[in-house]
Amino acid sequence: MGLFGAIDTSASGLTAERLRMDVISNNIANVNTTRTEDGGPFRRQLCIFQSRSHEHRWPFTAATERGKSPVGTGVRVAGVMSDQSPFKLVYDPNHPDADKDGYVRFPNINIVHEMVDMITCTRAYEANVTSINAAKDIVNSALGIGRR
Amino acid sequence: MAKVFDGRPELAGKRTDDRHIPIDNINYMDVTPSVATDRVHVMRNDRNNVDIDVEMADLSKNTMLYQIESTRLAAMFSDLNDIITRGGRA
């Protein structure tokens with residue numbers, strides 16, 4: 001992993017959590033969206049995380065850091081997918097998007113669920129920052145061995 | 001100083017034995033940094049692919065490497081100072 005492997009690993013976590021926060025914000029913004037380009041209401045989106053191995057390394061890392069190791073090198077977002085749960089039906093005959101029975105299909109987003117996801121996302125981001133700071137402290141204390 | 005940074009250093013230590021510490025004619029013009037552009041990764045739809053988290057991690061790595069190397073360089077000068085001021089006095 002080299003001297004700074006832990007920092008690269010945690011940085012991948014920061015990137016992934018920030019993308020997840022983007023997706024959650026988009027869900028919250030679209031909680032009442034009944035029209036999309038594809039037709040129909042907005043579908044809740046969620047991030048799929050995948051563990052990162054050496055093949056997915058940042059291409060500019062030194063060749064010496066790319067040696068095979070049983071330790072993984074962080075996380076990557078495999079994709080952003082749609083939640084296939086059914087839409088919420090709300091009876092509102094005056095709504096322009098209501099069907100012939102007077103029901104409007106609203107997104108399958110639970111705002112409380114999204115708020116909780118946002119908190120876990122924030123905490124996960126903070127955990128990765130803490131991990132980076134710990135790695136920095138370790139390097140700095142190693143530096144202290146040579147200082148006098 | 002100007003001569004050295006123009007790539008025309010004059011001072012070099014003569015060695016009469018292979019085990020002597022070399023005082024080399026280091027030419028700073030031999031350092032040729034290159035800039036690589038990442039056109040592979042995708043970050044945003046406007047094709048700006050700067051990942052701020054990776055950049056901040058690289059920044060802290062660079063800072064730590066600088067601190068390590070400057071500390072070792074300061075220690076080397078401190079050693080040389082010891083040799084000059086206290087050398088030969090047993």
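Author: Helix α1 of chain A and helix α2 of chain A cross in a left-handed manner (left-handed: the near helix is turned anticlockwise from the far one by less than a right angle; right-handed: clockwise). This is a predicted model, in which local features need pLDDT of at least 70 and side-chain atom pairs count only at pLDDT 80 or more, while totals for chains, interfaces and linings use all residues. Residues are numbered from 1 along each chain as written, chains are lettered from A and ligands numbered from 1 in the order written, and side-chain values use heavy atoms, without hydrogens and water.

In chain A, α1 covers residues 5–29 and α2 covers residues 111–146 (helices are DSSP runs of H or I of at least four residues, strands runs of E of at least two, numbered from the N terminus). Their axes come within 9 Å and cross at roughly 165° (axes are lines fitted to C-alpha atoms, for helices over the stretch in contact; angles run from 0 to 180 degrees between N-to-C directions). α1(A) is therefore roughly antiparallel to α2(A) (under 35 degrees is roughly parallel, over 145 roughly antiparallel, 65 to 115 roughly perpendicular, the rest oblique). Their contact consists of 16 nonpolar, seven polar and six charged residues (Ala, Val, Leu, Ile, Met, Phe, Trp, Tyr, Cys and Pro are nonpolar; Asp, Glu, Lys and Arg charged; the others, Gly among them, polar).

Both helices also meet helix α2 of chain B. The axes of α1(A) and α2(B) come within 8 Å, crossing at roughly 155°, so this pair is roughly antiparallel. The crossing is right-handed. From α1(A) the contact includes Ile7(A), Ala11(A) and Leu14(A), and from α2(B) it includes Ile52(B), Val54(B) and Met64(B) (contact: heavy atoms within 4.5 Å). Seven nonpolar, two polar and five charged residues make up this contact.

Two salt bridges join the chains here. Asp8(A) pairs with Lys61(B), with the closest N and O atoms 2.7 Å apart (salt bridge: a side-chain nitrogen of Lys or Arg within 4 Å of a carboxyl oxygen of Asp or Glu). This pair runs from α1 of chain A to α2 of chain B, residues 52–86. Arg18(A) and Asp53(B) form another, also at 2.7 Å from N to O. Between chain A and chain B the count is three; over all chains it is 12.

The axes of α2(A) and α2(B) come within 10 Å and cross at roughly 10°, which means that these helices are roughly parallel. Among the residues in contact are Tyr125(A), Val139(A) and Leu143(A), with Met64(B) and Ile68(B) from α2(B). By class, five are nonpolar, five polar and three charged.

Taking the chains whole, 19 residues of chain A contact 23 of chain B. About 1,800 Å² is buried between them, 65% of it on carbon and sulfur atoms (buried area: accessible area, 1.4 Å probe, that two parts lose on being put together, summed over both).
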